[in-house]
Protein chains: 2
Amino acid sequence: MTPESSSQQALLDALAARLGSAHVLTAASDMAGFLSEARALYSGSALAVVRPRDTAEVSFVVEQCAAAGVPIVPQGGNTGLVGGGVPYGGVVLSLTRLDRIRAVDPVNATMTVEAGCILKTVQDAADAADCLFPLSLAAEGSCRIGGNLATNAGGVSVLRYGNARELTLGVEVVLADGRVWNGLSALRKDNTGYDLKDLFVGSEGTLGIITAAVLKLFPKPKARATAFVGCASPQAALDLFQRLRSGVGDMLTAFEYMPQFALDIVLKHVSGAVRPLAGEHGSYALIELTSPQADADLQGAFETVLGQAIEDGIVEDATIAASEAQRHALWQLREELSDVQRLEGGSIKHDVAVPVSRVADFIEEATRACEAAMPEVRVCAFGHFGDGNIHFNLSQPVGMDKATFLGEWERFNRIVHDIVAQMGGSISAEHGIGLIKRDELLRYKDPVAIDLMRTLKRALDPHNILNPGKVVSVMEGAPSALPLG
Amino acid sequence: MTPESSSQQALLDALAARLGSAHVLTAASDMAGFLSEARALYSGSALAVVRPRDTAEVSFVVEQCAAAGVPIVPQGGNTGLVGGGVPYGGVVLSLTRLDRIRAVDPVNATMTVEAGCILKTVQDAADAADCLFPLSLAAEGSCRIGGNLATNAGGVSVLRYGNARELTLGVEVVLADGRVWNGLSALRKDNTGYDLKDLFVGSEGTLGIITAAVLKLFPKPKARATAFVGCASPQAALDLFQRLRSGVGDMLTAFEYMPQFALDIVLKHVSGAVRPLAGEHGSYALIELTSPQADADLQGAFETVLGQAIEDGIVEDATIAASEAQRHALWQLREELSDVQRLEGGSIKHDVAVPVSRVADFIEEATRACEAAMPEVRVCAFGHFGDGNIHFNLSQPVGMDKATFLGEWERFNRIVHDIVAQMGGSISAEHGIGLIKRDELLRYKDPVAIDLMRTLKRALDPHNILNPGKVVSVMEGAPSALPLG
């Protein structure tokens with residue numbers, strides 16, 4: 001046994017003594033599910049996967065690993081898409097056993113939850129208290145709230161309620177040396193010093209490990225209306241968005257966008273999916289209004305704005321769901337979009353944001369540029385239009401070899417990200433940096449910002465123990481980011 | 001000339017050469033207005049007051065001061081209340097000449113402004129674009145937006161729109177070594193690394209100097225209704241708040257609280273102020289609903305909720321303003337409250353927050369405790385009830401010597417802050433720490449949080465150049481916080 005492996009064994013023994021050996025996994029078969037992501041772009045290895053059950057045990061694990069110089073990769077539901085939770089050596093610290101809802105306070109409109117709670121469980125607990133926890137995204141049945149916070153998750157409710165960051169009032173964090181910071185503030189106002197909470201939210205486990213959080217709740221919507229609208233162009237869709245926003249304000253809860261190609265592939269692949277409007281339109285929007293007033297006239301609000309927009313030539317056609325079944329059918333068109341792209345072959349993806357005032361320009365300009373680079377490429381630019389966040393995905397030309405197409409990943413990244421950068425946009429709107437965009441970030445982010453990030457990383461994790469090499473590398477010899485391995 | 005004074009003179013010469021000597025003030029009469037606050041609890045001294053006109057000049061000043069080891073106290077409108085902008089040596093860097101509105105983008109719902117813009121000017125520029133910039137507070141005619149951001153200002157719109165932090169998308173910051181970080185993002189979603197913006201917002205100029213910001217705009221309210229309500233107790237007021245929030249959601253824009261004593265002194269001292277309700281009530285609330293829909297039936301919404309609350313014995317009496325003049329008269333009762341307290345003699349003040357679910361308990365418990373300590377003390381607990389933020393002020397007993405009463409400042413601090421801490425509250429809800437609460441903070445804040453704050457201060461300002469000694473001291477020999485000098 002080498003000195004290194006003997007000290008590693010001593011660490012694992014100490015962890016097993018405290019956590020129970022059932023919660024220190026080392027067999028390859030037990031660890032497999034923790035070593036790669038669902039999308040399988042990255043696959044790593046670890047000494048062990050450890051599963052503490054509470055904050056004190058997390059603190060113990062971190063303290064022991066720090067003392068042994070063994071890195072830690074925190075992991076929630078392992079539903080990330082950017083390699084942020086994949087280990088390259090060290091210990092995976094799984095937070096799934098920290099799954100208690102510690103408190104729900106409907107009058108303060110907050111709940112206190114542990115990091116390992118599944119997002120859906122959090123939503124349901126809020127609902128049971130006649131409140132809304134609005135964070136909602138495709139993986140909600142399996143992602144964990146700690147991961148949502150560590151990645152500042154977005155989803156379909158950001159337009160109205162904000163990102164995970166804006167839904168969080170306080171956090172409890174285990175620091176790189178194992179100390180616990182109890183920042184579980186449930187206050188709307190607190191100006192007693194620096195904003196520590198937001199350092200940890202969105203840091204992808206590189207500055208500290210979030211073990212619990214105080215989340216904001218909202219009045220539950222009691223009325224809802226959903227429309228599907230066809231417009232001639234992204235610019236027309238933007239004009240409509242603007243009219244709705246100034247006309248109905250925060251009753252506007254969702255404004256999701258898709259082009260004709262996206263609607264076509266959903267209708268082609270999803271059995272039972274029904275064309276919502278007659279004819280073809282350049283751009284479609286799925287729009288939802290909600291209100292906590294059960295008797296709010298949302299249908300009337302829609303009719304006023306959409307009627308005027310049709311008269312003014314901004315909207316070509318529109319339908320308003322007349323039943324809950326119709327509402328679900330409209331949402332299904334949007335929700336199936338992520339899955340059906342796979343059925344059309346290779347897909348090169350960009351999760352980008354620009355100022356909302358540039359979102360139509362962006363879609364048009366980036367589409368033109370990609371089509372100029374490869375005339376048969378099929379642009380599937382869809383998503384959270386009202387946030388300026390577009391999933392600018394490219395489906396391969398019909399008949400092209402998939403690997404050949406995916407070989408163009410970096411070339412298309414350059415085309416799309418250069419346009420995003422020109423418009424003051426972001427190359428990662430909601431999925432984070434992880435490994436996949438770490439080196440790309442160096443190209444687009446202000447070097448002063450990169451330097452500030454490294455300064456913070458060195459200050460809060462001086463021995464580079466926490467999820468090393470993710471987001472921003474601070475050490476020589478960090479594993480290189482491997483696009484598409 | 002000592003070596004120190006000769007190097008200081010060299011610094012001032014270099015600054016005058018770049019900024020123009022008219023913008024490097026050294027005469028006592030020119031500097032007087034920059035050396036103490038309006039409330040005059042603190043009064044300091046400075047080598048000079050410098051007034052750069054743009055970010056490049058701010059950068060130059062910081063670089064030169066850093067090289068000379070001379071501390072910098074950034075200052076906006078100098079309307080602070082906690083000593084944060086008062087210099088103890090070094091240079092005052094006044095940002096008032098950075099007063100351009102760089103851009104207004106109504107479609108993105110953002111505006112880009114320089115730090116020296118007066119808040120009212122920012123509000124007016126938003127209004128001219130048919131948008132709302134909601135930050136609103138008593139000093140809005142003279143405070144500067146950079147100071148509002150540096151202190152994470154609150155005010156009367158937090159309930160609906162959030163603090164200054166939540167109204168800010170991006171910032172431009174001059175760092176402690178003079179480098180400029182351009183973080184003027186106008187994006188709703190950007191997950192490219194750590195949240196640097198929120199480190200600087202609320203740091204009271206101790207981590208960097210905010211020179212410009214991208215602010216969020218909102219649809220302008222087109223309908224408004226205002227009510228004044230009498231309840232038997234703080235708990236009844238809380239019940240009413242809860243009903244309104246779940247019933248009308250974000251149409252609830254303000255929920256301000258005052259006790260009978262507060263209403264009495266406004267009616268006594270403000271000429272023309274009219275008693276809004278017959279009879280006396282233990283607790284009063286000023287409530288406002290707004291909507292971007294001009295035809296929204298806010299009156300009806302009020303009648304529904306208030307009617308039911310009267311029936312259920314929660315509300316004793318209520319009036320809804322029937323005209324703009326009546327609306328102003330109701331708001332005047334709230335707005336004059338800060339001023340009239342002075343006319344009742346000495347006042348010991350606490351700007352605190354607790355979870356909204358505890359705000360009634362807090363008012364009752366803290367009132368009892370203070371009255372037990374001094375039976376004739378007159379509690380004036382008022383403010384942003386819907387945020388859990390109470391200005392828990394104590395007016396001196398009638399006939400007591402003012403200085404004798406103010407001599408009890410620390411004793412009452414202890415009584416009130418201990419109750420706040422027990423309830424998981426904050427000893428500074430919206431005014432910040434500055435000097436006045438710096439040492440008090442050490443008593444109430446988690447030591448791990450204090451240590452994190454010091455770590456950040458040392459990492460971002462290693463030579464302790466930026467507003468040294470404010471918020472958190474990192475050096476031996478920092479000037480001690482002088483409550484009430």
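Tutor: Begin with burial: a residue is buried under 20% relative accessible area, exposed over 50% and partly exposed in between, with a 1.4 Å probe and protein chains only. Helices (H or I, at least four residues) and strands (E, at least two) are DSSP runs numbered from the N terminus. The model is predicted: local features need pLDDT of at least 70 and side-chain atom pairs pLDDT 80 or more, while totals for chains, interfaces and linings use all residues. Residues are numbered from 1 along each chain as its sequence is written, chains are lettered from A and ligands numbered from 1 in the order written, and side-chain values use heavy atoms, without hydrogens and water.

Student: Which residues of α9(A) are buried?

Tutor: They are A:Q260, A:F261, A:A262, A:L263, A:I265, A:V266 and A:L267. Because 7 of the 10 residues of this helix (residues 260-269) are buried, α9 of chain A is largely enclosed by the rest of the structure.

Student: How many helices and strands are there in chain A, and what is its radius of gyration?

Tutor: Chain A has 17 helices and 19 strands. The radius of gyration is taken over C-alpha atoms, and the globule rule is 2.2 Å times the number of residues to the power 0.38. For 485 residues a compact globule would have a value near 23 Å, and chain A agrees, with 23 Å. Its C-alpha trace spans about 75 × 55 × 45 Å along the principal axes, and 60% of the 485 residues in chain A are buried.

Student: How is the size of an interface expressed?

Tutor: It is often given as the accessible area lost when the parts come together. Here buried area is that loss with a 1.4 Å probe, summed over both parts. Chain B and chain A bury about 6,600 Å² between them, 57% of it on carbon and sulfur atoms. In chain B, the residues that lose the most area to chain A are B:K189, B:N191 and B:Y194, together 16% of what that side buries. With contact meaning heavy atoms within 4.5 Å, 86 residues from chain B and 86 residues from chain A take part.

Student: How many salt bridges are counted between chain B and chain A?

Tutor: A salt bridge is a side-chain nitrogen of Lys or Arg within 4 Å of a carboxyl oxygen of Asp or Glu. The count between the two chains is 12. One salt bridge joins A:E166 to B:K216, with the closest N and O atoms 3.4 Å apart.

Student: Which element gives the most residues to the side of chain B that touches chain A?

Tutor: That element is α17(B), with 10 residues.

How values were computed
Buried area is the accessible area (1.4 Å probe) that two parts lose on being put together, summed over both.
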